[in-house]
Amino acid sequence: MNSRPHETTGPGAALTLRAVSHAYSRTPALREVSLTVRPGEVVAVTGPSGCGKSTLLHVAAGLLVPQAGSAELLGVDLAGLDETARAVLRRRDVGIVLQYGQLVPDMTLEDNVALPLLLEGGELAASRTAARDALVRVGLERAGQAVPEELSGGQAQRAAIARALITSPKVLLADEPVASLDAVAAQDALELMLSVARRDGGAVVLVTHDNLVAAMADREVRLRDGRVDRESVLR
Amino acid sequence: MSATLAPRRRDRVSRLRPAAVRSMTAVRSHTDRVRSRATAAAAAGTGVALLIAASVATVRDDLVVGSWTSTGPDGVETTETMVQASGGLAPFLAEPGLRPGFTIAAVLLVLPFLALAVQAVRVGRVVDERRSRRLLLAGATWADVRTLRTARTRAAFVRGGLLAGPLYLLLWLVLGWALPAGSRLLPPLHPAMLAAWLAVVGVLAVAAQVLAVLGFRREERLTWGGAGEGVPSRTFVALTALGGVALVVVLPVVARVERVYPALLVLGVVLFLLAAGGGAARSAAATVRRPQPPVGAPVAAPRSVPRRHRRRDVTVHLLAAAQRRGSTAAITGTAGVLFVCGLSFGVASSMAAQLLVERLGSPEYEQSDLGFYLTGFGLVAAVGVVGAVVAVAALLLSLTDELLGNRRAVASVAALGVETRRLVRVQAVALRRTAVPATVLGAFVAAAPTTFGLVLEAAGSGHWSPFIPLPVGVVVVVGLVATVACELLARLLAGRVRQAAALENLRVP
């Protein structure tokens with residue numbers, strides 16, 4: 001493992017954050033954080049609780065507009081897009097897995113996974129077929145008609161991963177994606193997510209406090225008190 | 001690598017296909033089922049009130065009841081005939097002079113039902129917000145979320161509209177067919193009523209669309225249970241009140257509007273009611289926005305716990321106050337509907353007092369037609385019953401909404417060892433603190449002017465009827481009945497409280 005100063009920009013980068021700062025009320029969450037993720041690269045963002053990992057992910061996904069600095073996703077400056085445009089960009093090119101699954105309650109698992117396709121105007125039957133295939137990949141082929149309330153935390157998380165991957169995203173952003181899974185399921189889910197980078201050439205950002213998960217990344221960016229504390233190339 | 005599909009202009013509208021919308025809005029959860037049924041029932045009530053207004057407005061005067069000839073100063077004889085509607089209708093409907101009042105009353109009957117429908121649409125707001133947030137996370141635009149929400153509301157309203165036809169028919173059988181001639185309150189059925197029914201379905205579908213769009217506020221979606229959420233603004237209250245004054249008082253003075261004055265009066269009263277309901281909702285919201293003690297301050301019973309209860313079960317009052325702080329939007333909705341119900345009780349008691357003072361208090365009316373007054377009391381009872389039905393429905397909806405939205409909180413408190421009996425008390429106290437002031441205020445606003453008028457009249461004539469204080473007395477009774485109703489309804493829904501307290505609800509996100 002070797003450490004090097006973090007990059008501040010990169011041509012053709014999948015994700016570029018430049019001097020991003022954000023605070024909740026008076027509590028700073030991010031302080032001038034810069035980060036570039038290239039296509040095909042897996043970056044693990046680590047650090048203690050409250051260091052700004054999730055905020056960084058929300059900024060990268062365009063869910064949160066930073067108070068200072070800029071965020072570029074797939075070459076598009078997110079600050080130049082309104083809410084609708086950010087949502088469209090997110091559903092077409094980005095896969096998101098957040099803590100606790102974030103599935104839509106009262107919708108079957110099949111429809112939950114098919115959602116990004118349906119929102120793009122996809123046919124119901126075709127979208128459901130694609131969703132069933134995605135559920136098979138995460139080992140939930142029998143749970144298609146269940147609603148999120150009927151699932152365990154781990155099952156819901158696997159369904160959220162299936163949903164994030166159904167559009168073959170160019171960027172996958174995941175916040176503690178395997179925290180609620182057992183060791184075997186976690187390994188399977190991670191391999192599935194990493195295939196976005198290893199096989200399809202997409203970029204993957206994993207927010208985690210698990211050293212074993214971080215060890216699977218190409219690069220680790222460690223945050224402390226909202227700043228980049230250390231950046232290490234792992235492979 | 002770059003974004004392959006740049007967002008386009010047409011992304012401003014939802015791309016969801018109808019089949020996907022149908023599938024995504026299918027009623028699957030208990031919350032959706034409650035909301036859908038309550039909205040449809042309230043829309044059906046609105047539809048029936050509209051059909052009553054339509055049927056009364058189309059009554060024709062086709063029966064000659066008398067004629068007389070008079071000679072003018074120029075020696076010319078003129079014959080005048082007195083006509084009224086046939087069909088054995090009650091005098092309120094048969095006599096052309098009295099009919100507009102009945103029509104206006106029927107139109108105003110729409111208001112409590114519509115207010116209830118608005119409240120029903122908001123049931124499960126917490127669940128709805130969670131759903132919206134997760135849809136947005138999955139890449140939905142606000143246009144998608146709006147499309148789904150509108151489809152859900154429209155389906156319930158249209159179902160209610162379709163139900164209104166058979167319900168009107170049932171009502172007609174009771175009030176228009178079964179009653180003896182001379183006291184019927186609904187005119188004979190007419191083929192035009194079929195067209196009116198279809199029109200009502202259309203009106204309700206449009207109302208649902210408007211309601212869904214108006215109720216869809218991005219800012220609200222982005223805040224989670226904020227204290228100011230869903231509270232009508234001061235500007236809204238002021239503008240609606242001023243609009244009411246302009247239509248009812250100013251416009252008739254500055255312009256010739258005699259022919260359209262009944263319509264202006266209805267519109268003006270609607271604006272007044274909206275202003276008053278908004279004011280009641282703001283006042284209810286203000287009761288839960290109490291300043292919190294600074295960190296480190298001595299812990300005492302909070303100000304939101306009434307002094308008289310502080311020595312009693314403080315836990316119950318603490319939990320009730322906390323619950324109310326977390327559901328400002330639901331509280332304001334309930335307070336608004338109950339205020340309108342309070343108004344209907346006030347109006348009913350005022351009408352009853354006027355009839356009693358006229359009938360029993362004045363020798364001038366001793367020989368008048370008893371049937372006329374009986375029909376009048378029937379109408380009073382109808383207004384009171386509508387108010388009571390809507391009030392009970394509003395209270396039930398409020399309780400159900402609280403229990404659906406706060407399942408996790410209720411389960412957490414139960415897990416800490418608070419027994420179900422106490423949780424039921426919490427619901428009763430929280431409900432009472434919203435319901436009683438709103439209902440009493442509504443009843444007082446409607447009853448006070450009548451009482452004042454009757455007092456002035458009695459002072460002029462010197463005849464003091466014992467029925468003059470009736471409207472104000474009813475306000476006190478309304479307060480007591482509302483208190484008891486809250487207690488009974490909370491006990492009635494004890495099963496729901498037990499369900500909400502189930503440990504599995506700790507898993508609800």
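**Figure 1. The largest nonpolar core of the predicted model comprises 124 residues.** The residues with the most contacts inside this core are B:L51, B:V110, B:L116, B:L338, B:F339, B:A394 and B:A443. Helix α15 of chain B, spanning residues 420-461, contributes the largest share of the core, namely 18 residues. For B:L116, with neighbours within four places in sequence left aside, the contacts are B:A42, B:V337, B:V390, B:A393 and B:A394. In soluble globular proteins, nonpolar side chains tend to be buried together.

**Figure 2. A second, separate nonpolar core contains 90 residues.** Among its members are A:L118, A:A156, A:V205 and A:A214.

**Figure 3. Helices α5 and α6 of chain A pack with their axes within 11 Å.** Helix α5(A) covers residues 153-165 and helix α6(A) covers residues 183-198. Their axes cross at roughly 10°; because this angle is under 35 degrees, α5(A) and α6(A) count as roughly parallel to each other. On the α5(A) side, the contact is formed by A:G154, A:R158, A:I161 and A:L165. These residues meet A:A185, A:A189, A:L192, A:M193 and A:V196 of α6(A). By class, the contact has seven nonpolar residues, one polar residue and one charged residue.

**Figure 4. Four strands of chain A form an open antiparallel sheet.** The strand order is β3-β2-β5-β6. Strands β3 (27-37) and β6 (76-77) of chain A lie at the edges, each pairing on one side only. Strand β2(A), residues 15-24, runs antiparallel to β3(A) and is joined to β3(A) by seven bridges. Within this pair of strands, A:L17 stands opposite A:L35 of β3(A). Helix α1 of chain A, residues 53-60, packs on the sheet and touches β2, β3 and β5 (68-73) of chain A. The direction of α1(A) makes about 125° with that of β2(A).

**Figure 5. The contact between chains A and B draws on 38 residues of chain A and 33 residues of chain B.** On the side of chain A that touches chain B, helices α2 (83-93) and α3 (109-119) of chain A each supply at least two residues. Helix α2(A) gives the most to this side, with 10 residues. The side of chain A that touches chain B has 22 nonpolar, five polar and 11 charged residues.

Technical notes
Residues are numbered from 1 along each chain as its sequence is written. Chains are lettered from A and ligands numbered from 1 in the order in which they are written. This is a predicted model: local features need pLDDT of at least 70, side-chain atom pairs count only at pLDDT 80 or more; totals for chains, interfaces and linings use all residues. Two residues are in contact if their C-beta atoms, placed from the backbone, lie within 7 Å. Ala, Val, Leu, Ile, Met, Phe, Trp, Tyr, Cys and Pro count as nonpolar, Asp, Glu, Lys and Arg as charged, and the others, Gly among them, as polar. Two strands pair if DSSP finds at least two bridges between them. Axes are lines fitted to C-alpha atoms, for helices over the stretch in contact, and angles run from 0 to 180 degrees between N-to-C directions. Angles under 35 degrees count as roughly parallel, over 145 as roughly antiparallel, 65 to 115 as roughly perpendicular and the rest as oblique. A nonpolar core is a set of buried Ala, Val, Leu, Ile, Met, Phe, Trp, Tyr and Cys residues joined through C-beta atoms within 7 Å. A residue is buried if 20 or more other C-beta atoms lie within 10 Å of its own, exposed if 12 or fewer, and partly exposed in between; C-beta atoms are placed from the backbone.
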